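Here's a protein to get to know, first as a whole and then through two of its residues. Have a look at the sequence and the model before reading on.

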Amino acid sequence: MKPLGRLAALLGAALLAGCSRWPGALSPMGEGSDRIARLFWLFTAVCAVVWLLVVLALALGVARRHADRPDPLAQEPRRDRVAYRVVGTCVAITGVILLALTGFSWWTGKSLAALGERPALTLKVTGNQWWWQVQYEDDQPSRVLTTANEIHIPVGEPVQIKLEATDVIHSFWVPQLSGKEDLIPGRQNVLTLKADKPGRYRGQCAEFCGLQHAKMALLVIAEPRADFDAWRQAQLAPAAEPQGDEARKGRDVFQSRPCMMCHQIRGTTAGGRTGPELTHLASRETIAAGALPMTRGALAAWIADPQAIKPGSNMPRVRLDADELNALVAYLEGLK
Ligand code: CUA
């Protein structure tokens, strides 16, 4: 028993240490996720105490089952009255605990909703199989910005996110910043993100949405207001002119092949809307919704055979010879 007990204690300690260190829902970095984590620990603590008491009472009952009551069916009015009273009290306590937990849960939900009352920024995130379209809203149409799979937000300011979907139900979840919220075709849900510290927070689709559900990640980058404004300004600019012959050839490849039917690159003739916006592709950290890093090699691999990396995705394999592929990658790599 001793080694088993030690193992259990070790596992418990590792779990507790891990929970607070892993970049997950239990190491919150934003006001919303902080409230949810507190609620989680409150539920866990209350339920753990109740469970321990129940197991103790059960063990006590088993140990004493024959000790002082040889015939359990015999009438003993005095003891039965005590038993009724004990059970009645426990039922009442259970009711009070359940009501209190429901109250805390309701209060947390209400305070989460209040977070988004005065957003500093609103953006619309649309779920697609299997990537995220991100649109920064603005009163001036010329300042509306569309990008994909990477969300920049200013630190310490509430950001309202309107969630929609084009095909099936997805779920938006950035564990360190907020709870989950579904993206449902034909309706709009709203969620508020607020990051307490600058950093990169990984998000993930949290509702099974098809073959590549696991490869539907996103990245939230929280940065100081000045950095955020600079980022947004840079993103509003049209695509960079290709530098060098190879990149120029790459642009021609992009515009003469099916690429431009699905992808938009502002400042060029490519205006497709069914795939991710690519105007500043190379400024993002990943491609294919977090499936690959944004590197020359990964770009080439993805374009050469998308179905090998994300089977079932809508990105088709376009036949290109080696020179065309190299040129295309050189062009895309320059879209900072
Ligand atoms: Cu989208 Cu799972």
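Of the 336 residues in the protein chain, 38% count as buried, where buried means under 20% relative accessible area, exposed means over 50%, and partly exposed is in between (1.4 Å probe, protein chains only). Keep in mind that this is a predicted model: local features need pLDDT of at least 70, side-chain atom pairs count only at pLDDT 80 or more, and totals for chains, interfaces and linings use all residues. Residues are numbered from 1 along each chain as its sequence is written, and side-chain values use heavy atoms, with hydrogens and water left out.

What is the chain built from? It has nine helices and twelve strands; these are DSSP runs numbered from the N terminus, with helices (H or I) of at least four residues and strands (E) of at least two. The chain's radius of gyration is 28 Å, well over the 20 Å that the globule rule gives for 336 residues, so the chain is more spread out than a compact globule. That radius is taken over C-alpha atoms, and the rule is 2.2 Å times the number of residues to the power 0.38. Along the principal axes, the C-alpha atoms fill a box of roughly 100 × 45 × 35 Å.

Now for contacts, meaning heavy atoms within 4.5 Å. Among those between residues at least 6 apart in sequence, 61% join residues at least 24 apart.

Time to zoom in on two residues. Lys194 sits in the loop between strand S8 (189–193) and strand S9 (199–205), while Ser171 belongs to strand S6 (residues 170–173). Is Lys194 buried or exposed? Lys194 counts as buried because its relative accessibility is 17%. Ser171, at 1%, counts as buried too.

Each has a side-chain polar contact, which is a pair of N or O atoms within 3.5 Å; within protein, one must be able to donate a hydrogen and the other to accept it, and residues adjacent in sequence count only if both atoms are side-chain atoms.

| Side chain | Partner side chain | Polar contact |
|---|---|---|
| Lys194 | Glu31 | 2.4 Å |
| Ser171 | Asp182 | 3.3 Å |

Leaving out residues up to four places away in sequence, Lys194 touches several others, including Met29, Leu115 and Leu177. Finally, Ser171 and Phe208 are 37 residues apart along the chain, and their C-alpha atoms are separated by 8.4 Å.
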